[in-house]
Amino acid sequence: MLARIRPGMMSSAAQRLRMFGMRQFSAATVRRSDAIFVHRDTPENNPSIPFEFSSTNLSEAQKIMAKYPPQYKKAAMIPLLHLAQKQNGWTSLSVMNYIAKLLEVHPMRVYEVATFYTMFNRNPVGKYFLQVCTTTPCELCGASKIVSRSAALLRISCSLLLRSSVPAPVSMRLWSPQVRKVKRGPLNGRINCEPLGGQTTLTTPPPGPGFMVREDL
C-alpha cells in the first residue's frame, strides 16, 4: 500500500516520478519528413504505369541472373536496377515492382536498395545528367571548383552529391551521343586508384611462397 501523500508532494511531475521510484527521460525532437522514405503516387510515378524489359534487356537480365545460384539470384538486384534505369531513364515505382517480380522477392527488398543508393534516380531527370562527387577525397582534389565552373558554363544550379572515394575527383556524365564521347577513367594520367603523387605502395614484385616462414615448417 502506498504511503500517505502529504500536501504539496504532488506539485510537480518530477516529484511524482521520484515518489514511485521512476526516472525522468528526455527525447529528441521529432522531425517529420516524407521527402525520402515515403512514396506518394503522382501522375508520372504510380504502380499503374506499366514497365517491362525490352527483349534485348530481358535477354541481358537473364544473363546477369545466370551468374548467381538460383537461391541467391536476388544478388543481381543492383545490376538489374541499373539496367532498368538505363532503359526507363529513372527508377520509378513500376520499375522496382518489376524487378521484385523478376527476382521473386518482396517489393520492399527492392525499395530498400533503390532508396539507399543515390545513383538510382527515383524522380525523372533531365535529358543531360551531370554528377560530380563532393566527398572528402574529391573535395581535396578540387571538386568544388569543378562544380562551380560547370554550373557557370552551363548556367545551372547544382544540388546533387555523388558518393565515391578514389580515384578523385569523380564525375558521372550521361551525355547524348550527339554531344561528344567522354573517355572513361582518370583524365590526369593516373592509373586505377593511385595517389596524385604516384604509386607509393606495392612498388616491388611480391615475394614468393615461403616468405617469412621458418625453414623447419
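Apart from neighbours within four places in sequence, Leu80 contacts Phe53, Ala61, Ile64, Met65, Ile99, Leu102 and Leu103 (contact: heavy atoms within 4.5 Å). The model is predicted, with local features requiring pLDDT of at least 70 and side-chain atom pairs counted only at pLDDT 80 or more, whereas totals for chains, interfaces and linings use all residues. Residues are numbered from 1 along each chain as its sequence is written, and side-chain values rest on heavy atoms, with hydrogens and water left out.

Leu80 lies in helix H3 (helices are DSSP runs of H or I with at least four residues, strands runs of E with at least two, numbered from the N terminus). With a relative accessible area of 0%, Leu80 is buried (buried: under 20%; exposed: over 50%; partly exposed: in between; 1.4 Å probe, protein chains only). The C-alpha atoms of Leu80 and Met65 are 8.6 Å apart, at a sequence separation of 15 residues.

The largest nonpolar core comprises 23 residues, and those with the most contacts inside it are Phe53, Met77, Leu80, Leu81, Ile99, Leu103 and Val110 (core: buried Ala, Val, Leu, Ile, Met, Phe, Trp, Tyr and Cys residues joined through side-chain atoms within 4.5 Å). At least two core residues come from each of helices H2 (55–65), H3 (77–88), H4 (93–103) and H5 (107–116); H4 supplies the largest share, 7 residues. Leu81 touches Thr91, Met96, Ile99, Val110, Val113, Ala114 and Phe120, residues up to four places away in sequence not being counted.

Tyr117 is located in the loop between H5 and strand S1 (129–132) and is partly exposed, at 38% relative accessibility.
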